[in-house]
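Student: I am new to this model. Please take one part, look at it closely, and then follow what surrounds it.

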Amino acid sequence: MKLPPTNRAVADKLKIVFASDDLLGDTADAITSTLDDLVTARRVTKLSTQQKGYRNRYRVPITDDDALIVEINPNRPDHTEWAMAWEYNPAHLRKKTHRQTMRDLAKEILGTDAKRLLSNVSIYLIHIAVDFPGKLDDIAIESRDKSSCGSWGKRFYANGRLQTLYFGSSESDHQQTAYSKTDEILAALARKPQATLRQVTAATKELGPQFRLEDRQRLSRCPVPLHRLDDLREPFAGFHLYSFEEADEKITDTLGRMTLALAKSEGLQRALQLLSKSERETLRKKLTRCQVEWWDASLYLDAVRKTLMATGLFPASAFDPDTITDQQVENRYQIRKNRASKKRDESDAFLGLDDEENDD
């Protein structure tokens, strides 16, 4: 699989929500009826609604392997301002024909109101990712903005091999991860019933080692409209990447070498946390000489906007705050923003609306 250019990020997961005020009258009923007709035509599958926030849920195939999950008609409309939610993986729609299929499906489902509705959506969840050639366990990674961390990997005899690093809690509104993209792709291939050992072996040679950095933002308290994307967190902020090979050559003191040894099995973030503040800062100064040259977080400052526009799903005018045609979108956002800032400790308004099952 060909890697995307390292100066271009992709949206690895996207969840957008449609305001109840935009689906007034018979709009929601018309959308539900269209989806039910597609179920009858065997183009769409109904999903379980047990312990879910919506009365109707559908899986709409986009390609042979990927689908759009549509949820509509909340069980408790008085507890949410969102009448419908869509979730899919834009990064999997690599071909122009795939993206066109997604746009055609959106028009078919939303009808003549498609442009207006897609202009007024808000971003509830987005994962921004960028891939690099190389092995994850060759790179020492620290995220200065996160205190909690975790790792997952494999151990063969005395040697450990990291496969995933987590920065920040999965329950929080912002988490960063680093993981072996090669391992993820090969595992997905191996799970397919028709996969053979020869196919997996060939895919391994074709892919080569590659790893992914990912920034995951969940905007449950205050979903952000397209014209306010500047209010989102800067993707990959706080990431510092170092070469283990260079660090092994340049860091020769006992404490430094012990810290590096632990970092190779549990991650640099965890290893640094076990040091005192002064020890940590001393080691960081030494690590600055080992920074990888190819990492530049500033390349991805506008990654969210670029990835969303690249989907081709949303009208270009929806991203411009000076040209938005529905001022209610801005008004509703400001109300949410003010409410969220005043009530940080209250329960999430989206409680129960998230998919916990693997519907894909």
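Tutor: Start with a hairpin: β3 and β4 form one, with five residues between them. Keep in mind that this model is predicted. Strand β3 covers residues 54-61. Strand β4 covers residues 67-74. The two run antiparallel, and seven bridges join them. For one of these pairings, find Y58: its bridge partner in β4 is V70.

Now turn to β4 itself. How many of its eight residues are buried? Eight of the eight are. Buried here means under 20% relative accessible area. β4 is therefore largely enclosed by the rest of the structure.

β4 has another partner. It pairs with β5, again in the antiparallel sense, over four bridges. Look at E71: it stands opposite A85 in β5. So much for pairing; next comes packing.

Strand β5 (82-88) leads on to a helix, α11, as β5 is included in what covers the buried residues of α11. β1 (10-19), β6 (122-133) and β12 (224-225) are included in that cover as well. Helix α11 spans residues 327-342, which makes 16 residues. From its first C-alpha to its last it reaches 23 Å, close to the 22 Å expected at 1.5 Å a residue.

Which residues of α11 are buried? They are V329, E330, R332, Y333, R336 and A340. Seen down the helix axis, these residues fall within an arc of 165°, so they line one face of α11. The other side of α11 has I335 and K342, which are exposed.

Two of the covering strands, β1 and β6, bring in another helix. This is α10, residues 303-310, and T307 sits in it. Is T307 buried or exposed? T307 has 8% relative accessibility, so it counts as buried. Its side chain reaches the backbone oxygen of V304 at 2.9 Å. Setting aside neighbours within four places in sequence, T307 is in contact with A9, V10, A11, I126 and I128. Of these, V10 and A11 fall in the range of β1, and I126 and I128 in that of β6.

Last, the cysteines. How many disulfides does the structure hold? It holds zero. C222 is buried, at 15% relative accessible area. C290 is buried too, at 0%.

Notes
Residues are numbered from 1 along each chain as its sequence is written. This is a predicted model: local features need pLDDT of at least 70, side-chain atom pairs count only at pLDDT 80 or more; totals for chains, interfaces and linings use all residues. Side-chain values use heavy atoms; hydrogens and water are left out. The expected span of a helix is 1.5 Å times one less than its number of residues. Buried means under 20% relative accessible area, exposed over 50%, partly exposed in between (1.4 Å probe, protein chains only). The arc is that of the directions from the helix axis to the C-beta atoms. Contact means heavy atoms within 4.5 Å. A disulfide is a pair of cysteine sulfur atoms within 2.5 Å. Two strands pair if DSSP finds at least two bridges between them. A polar contact is a pair of N or O atoms within 3.5 Å; within protein, one must be able to donate a hydrogen and the other to accept it, and residues adjacent in sequence count only if both atoms are side-chain atoms.
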